[in-house]
Amino acid sequence: MPIDWKYVVTPKIALLEALVVVIFLTGDGLLGFSFESAYADTLRALSDNLTHGLIAAISWAIVIDGQADSPRGALLQILLCGALGSLVDVDHFLAARSLKLKAALSLPQRPPFHATTVIPVISLVILVTQRLTQTRHLPYLPLLFLVSWLSHHTRDAVRRGYWMWPFGETPPLPYGTYVMLNIGLPLIVRCIVLYSKLSEQPHLGLEVV
Ligand SMILES: [Zn+2]
């Protein structure tokens with residue numbers, strides 16, 4: 001059964017997409033800003049990481065708008081997605097075996113959480129684990145993980161391309177492609193969620209809340 005676009009892009013969703021654009025334009029602008037502070041590198045790294053987290057969080061808010069069981073459940077999922085989006089950069093410190101920012105930012109190669117090929121593998125592992133254990137909690141966790149990490153990798157790909165380990169790296173993403181991908185990702189995943197809800201409970205129909 002086809003999904004009416006009015007269920008996918010509501011006025012609220014359009015507003016949230018606009019917010020995503022404002023956040024990554026602001027975050028990307030701050031990356032080139034020269035902070036007049038002894039803590040310039042730290043401030044830049046914090047604002048960069050906050051941008052990743054906010055984009056992931058709002059992207060998930062777009063995915064589940066009107067589809068979560070409760071407002072509290074929706075908020076927890078949004079916070080989880082934001083936290084996972086920020087957490088990707090922890091691997092810089094793990095690979096450097098140091099909490100010092102300078103060591104974390106001067107690694108000879110990209111750290112493991114930045115391998116984009118790892119994302120579908122982890123999503124699949126989560127999905128299979130959920131099926132085997134018949135977990136009903138967080139049914140969209142594989143998609144939530146995908147949105148949180150892929151939005152982060154897409155933003156990083158503007159500077160360095162996607163790291164498709166073990167196959168190599170893609171060229172850096174053109175900025176326009178990056179904008180389209182970060183806008184499109186939550187909408188595509190929202191369609192997947194709407195389709196799966198519809199196929200599981202066709203009698204419910206799709207309600208816009
Ligand atoms: Zn990163």
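Of the 209 residues of the protein chain, 27% count as buried, where buried means that 20 or more other C-beta atoms lie within 10 Å of the residue's own, exposed means 12 or fewer, and partly exposed covers the range in between, with C-beta atoms placed from the backbone. The model is a predicted one: local features need pLDDT of at least 70, side-chain atom pairs count only at pLDDT 80 or more, and totals for chains, interfaces and linings use all residues. Residue numbers start from 1 along each chain as its sequence is written.

**Overall build**

The protein chain has nine helices and zero strands; helices (H or I, at least four residues) and strands (E, at least two) are DSSP runs numbered from the N terminus. Read from the N terminus, the order of elements is α-α-α-α-α-α-α-α-α. The radius of gyration is 18 Å, close to the 17 Å from the globule rule for 209 residues, so the protein chain is as compact as a globular protein of that length. That radius is taken over C-alpha atoms, and the globule rule is 2.2 Å times the number of residues to the power 0.38. The C-alpha trace spans about 60 × 40 × 35 Å along its principal axes. Two residues are in contact if their C-beta atoms, placed from the backbone, lie within 7 Å. Among contacts between residues at least 6 apart in sequence, 66% join residues at least 24 apart.

**The nonpolar core**

A nonpolar core is a set of buried Ala, Val, Leu, Ile, Met, Phe, Trp, Tyr and Cys residues joined through C-beta atoms within 7 Å. The largest such core has 29 residues, and the members that touch the most others are Ala 57, Trp 60, Cys 81 and Val 147. Two or more residues come from each of α2 (11-31), α3 (40-64), α4 (71-87), α8 (141-160) and α9 (175-200). Helix α3 gives the largest share of this core, 10 residues. Not counting residues up to four places away in sequence, Trp 60 touches Gln 77, Ile 78, Cys 81, Leu 144 and Val 147.

**Helix packing**

Two packed helices are described by the angle between their axes and the distance between the axes. Here the axes are lines fitted to C-alpha atoms, for helices over the stretch in contact, and angles run from 0 to 180 degrees between N-to-C directions.

| Helix pair | Angle | Axis distance |
|---|---|---|
| α4 and α8 | roughly 40 degrees | within 8 Å |
| α7 (residues 118-133) and α8 | about 165 degrees | 8 Å |
| α2 and α9 | about 140 degrees | 10 Å |

Angles under 35 degrees count as roughly parallel, over 145 as roughly antiparallel, 65 to 115 as roughly perpendicular and the rest as oblique. A crossing is left-handed if the near helix is turned anticlockwise from the far one by less than a right angle, and right-handed if clockwise.

Helices α4 and α8 are therefore oblique to each other, and α4 passes α8 in a right-handed crossing. On the α4 side the contact is made by Gln 77, Leu 80, Cys 81, Leu 84 and Gly 85, and on the α8 side by Leu 144, Phe 145, Val 147, Ser 148, Trp 149, Ser 151 and His 152.

With axes 8 Å apart at about 165 degrees, α7 is roughly antiparallel to α8. This crossing of α7 past α8 is right-handed. Ile 119, Ile 122, Ser 123, Ile 126, Leu 127 and Gln 130 of α7 meet Leu 141, Pro 142, Phe 145, Leu 146, Trp 149 and Leu 150 of α8.

Helices α2 and α9 are oblique to each other, and α2 passes α9 in a right-handed crossing. Their contact involves Glu 17, Val 20, Val 21 and Phe 24 of α2 with Val 179, Asn 182 and Ile 183 of α9.

**Loops on either side of α8**

The loop between α7 and α8 holds Gln 134 and Leu 138. Phi of Gln 134, a residue other than glycine, is positive, near 50 degrees; Gln 134 is exposed, with 6 other C-beta atoms within 10 Å. Leu 138, likewise not a glycine, has a positive phi of about 45 degrees and counts as partly exposed, with 14 C-beta neighbours inside 10 Å.

Pro 166 lies in the loop between α8 and α9, and the peptide bond from Trp 165 to Pro 166 is cis, with omega near 5 degrees. Glu 169 is found in the loop between α8 and α9 and is partly exposed, with 14 C-beta neighbours inside 10 Å. Leaving aside neighbours within four places in sequence, Glu 169 is in contact with Gly 161, Tyr 162, Trp 163 and Met 164. The C-alpha atoms of Glu 169 and Ala 157 are separated by 9.5 Å, with the two residues 12 apart along the chain.
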